[in-house]
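Please keep the picture open as you read.

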Amino acid sequence: MTLPTLPEKIIDFHVHLFPDRLSEAIWKRFVSDYGWPVLHRLYYRDCLAYLGEHGVAPVVYSNYAHRRGVAKELNDWNLKVLDEFPGLYCFAACHPDDEDMLSMAEKLLEHPRILGFKLQLLVQRFYPHDPRMNPLYELVMERDKRLLFHVGTGPVGNDFVGAVHFQKVLERYPVLPAIVAHMGALEYEAFGGLLEAYPNLYMDTSFSFLPGLGAMFNLDSDFLERNQDRILYGSDFPNIIFPREDEINQLLSLGLSPAFYGKVFRENGLRLIGQHAHDLPKSSSILSMSSSPK
Ligand SMILES: [Zn+2]
């Protein structure tokens, strides 16, 4: 059997760019907290160069504020990086312990290439249904932007993550435009059920198809095919402990339909960028840039 092919350029919807000093702190935490030596210790410019050389364009990155008072500095940095790299899109940082969270968010969402906010609840340690977040969720919906959630129990859980908590947000806001990172790891079935119940939900593949971790995703190919319009390729680059190609090859080895690979690696990402990045013409010219696999 010949392996399916990928689009000529693929979109990575889950890249992490941080200021150099914070990148170093995160790489240390990966070792101390999870015993994971990060493979690609690349600072942001080197990350983008590496991805560009490996056929990734455009790149969608995120970062998050691990505690109060950090979001402002991170977002000032995000604005500079977006200026420096015109082909880049961002999920910006916020934290509900910051009194100015909402006013900061209002301003940031005016930037055409800020697609919304990243919430990393394992690190940020608040509930997704924390009522302080409701005004932010409502603002994101009003502005036609999106949220990227790390809200699953992988690689480890705590009080604030898990499908039961996330479901409460969706019960309150059934059309919340959100992406669940890591296919909802490790509760694939519960998050898979939410994906099928809530039409504005997407998932990204990061960390879930790495053979070195046992290619943990455990729902069948039917699930992937059925939901091929709402799955995005993402890598978690550079904070990964195995080569990013391993995950791509694992996905290819599943032998899914050409439509699956075309959509997951490119078309779905282009559609979301077209929806949330308001500077792009919403015409078919964006979509015609995608080359579907033969
Ligand atoms: Zn991540």
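## Ile11 and its neighbours

Leaving aside residues up to four places away in sequence, Ile11 touches Pro58, Val60, Tyr233, Phe265, Arg266, Gly269 and Leu270. Here, two residues are in contact if their C-beta atoms, placed from the backbone, lie within 7 Å. This is a predicted model, in which local features need pLDDT of at least 70, side-chain atom pairs count only at pLDDT 80 or more, and totals for chains, interfaces and linings use all residues. Residues are numbered from 1 along each chain as its sequence is written.

Is Ile11 buried or exposed? Ile11 is buried, because 24 other C-beta atoms lie within 10 Å. The cut-offs are 20 or more other C-beta atoms within 10 Å of a residue's own for buried, 12 or fewer for exposed, and anything in between for partly exposed, with C-beta atoms placed from the backbone. Ala57 is 46 residues from Ile11 along the chain, yet their C-alpha atoms are separated by 5.4 Å.

## Strand S1 and the sheet

Ile11 belongs to strand S1, residues 10–16. Strands (E, at least two residues) and helices (H or I, at least four) are DSSP runs, numbered from the N terminus. S1 is mostly covered, with seven of its seven residues buried. S1 pairs with strand S2 (residues 56–62) in the parallel sense, over four bridges; two strands count as paired if DSSP finds at least two bridges between them.

Now for the whole sheet. Eight strands form an open sheet in the order S1-S2-S3-S4-S5-S6-S7-S8, with parallel pairing. S1 and strand S8 (231–232) stand at the edges with a single partner strand each, so one side of each is left without a neighbour in the sheet. Elsewhere, strand S6 (residues 178–180) and strand S7 (residues 201–204) run parallel and are joined by three bridges. Ala178 has Leu201 in S7 as its bridge partner.

## Two packed helices

Helix H4 (residues 101–108) packs against helix H6 (residues 134–142) at an angle of about 15 degrees, with their axes 10 Å apart. Axes are lines fitted to C-alpha atoms, for helices over the stretch in contact, and angles run from 0 to 180 degrees between N-to-C directions. Which residues of H4 and H6 meet? Met101, Leu102, Ala105 and Glu106 in H4 meet Pro135, Leu136 and Leu139 in H6.
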